Amino acid sequence: MLLLIPAVTHAAAPAPAPLSPQDSAQLQRIASYLNGIRTMSARFQQSANNGGVSSGRVWVSRPGRMRFEYERPNTLALLADAGYVYQWDKELHQTTKIELRSTPAWFILRDPINFGPDVVVTRLEQGGGTIRVTVVEAAHPDLGSLTMAFTENPLSLRQWTVVDQQGRRTTVSLSDVQLGVALDPRLFQYQYLFSPPSQ
């Protein structure tokens, strides 16, 4: 899944992308935009390496909190509560738990977001009105990479892709994005993972 990324050890840090002053300015613009997002609600479509496609709704409350509710036939829900990510399988009645900081998605949820020395920018691409930035954590490149895609004007997050150390790719595309919305705090509490409050 997009947040539950298994870890391996002894991976070498990838080389940083060569960045021009204009690139650095663009990264600062992106960081300012992401830091300005405190709450978000959106519809999502998720595609995986195996060709599977699922959809649902996502809510974000920065820092640290995110929730995915998948539509049937998918039986999963994902919850990040600033400390951990919980994956709940409604059909099997099983919960998986992993530290949020051990996933590439932590970059989007941390506060503040920046492209400082603890983050390696491995790729920055611009063209066709789209900006794509790929990052890994400098201290833990084995945890996988995160690629964010933005519309350029106006700057807006539209997609992210997580690639784990085995090359498995999961892409989440956003639509109907609403920023600055009032969200029920229970959305991000573990006890409401199994019976979400209405939104």
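Buried means under 20% relative accessible area, exposed means over 50%, and partly exposed is in between, using a 1.4 Å probe and protein chains only. Keep in mind that this is a predicted model, where local features need pLDDT of at least 70, side-chain atom pairs count only at pLDDT 80 or more, and totals for chains, interfaces and linings use all residues. Residues are numbered from 1 along each chain as its sequence is written, and side-chain values use heavy atoms, with hydrogens and water left out.

View 1. Rings of Phe, Tyr and Trp (its six-membered ring) pair up if their centres lie within 6.5 Å; planes under 30 degrees apart are stacked, over 60 edge-to-face, and the rest tilted. The structure has 10 aromatic pairs.

**View 2. Tyr84 and Tyr86 make a tilted pair.** Here it's 6.4 Å from centre to centre, and the planes are 50 degrees apart. Tyr84 counts as partly exposed because its relative accessible area is 33%, while Tyr86 counts as buried because its relative accessibility is 11%.

**View 3. Charged ends sit over the rings of Tyr84 and Tyr192.** To qualify, NZ of Lys or CZ of Arg must be within 6 Å of the ring centre and within 35 degrees of the ring normal. Lys97 has its charged end 4.1 Å from the centre of the Tyr84 ring. For Arg186 over Tyr192, that distance is 5.3 Å.
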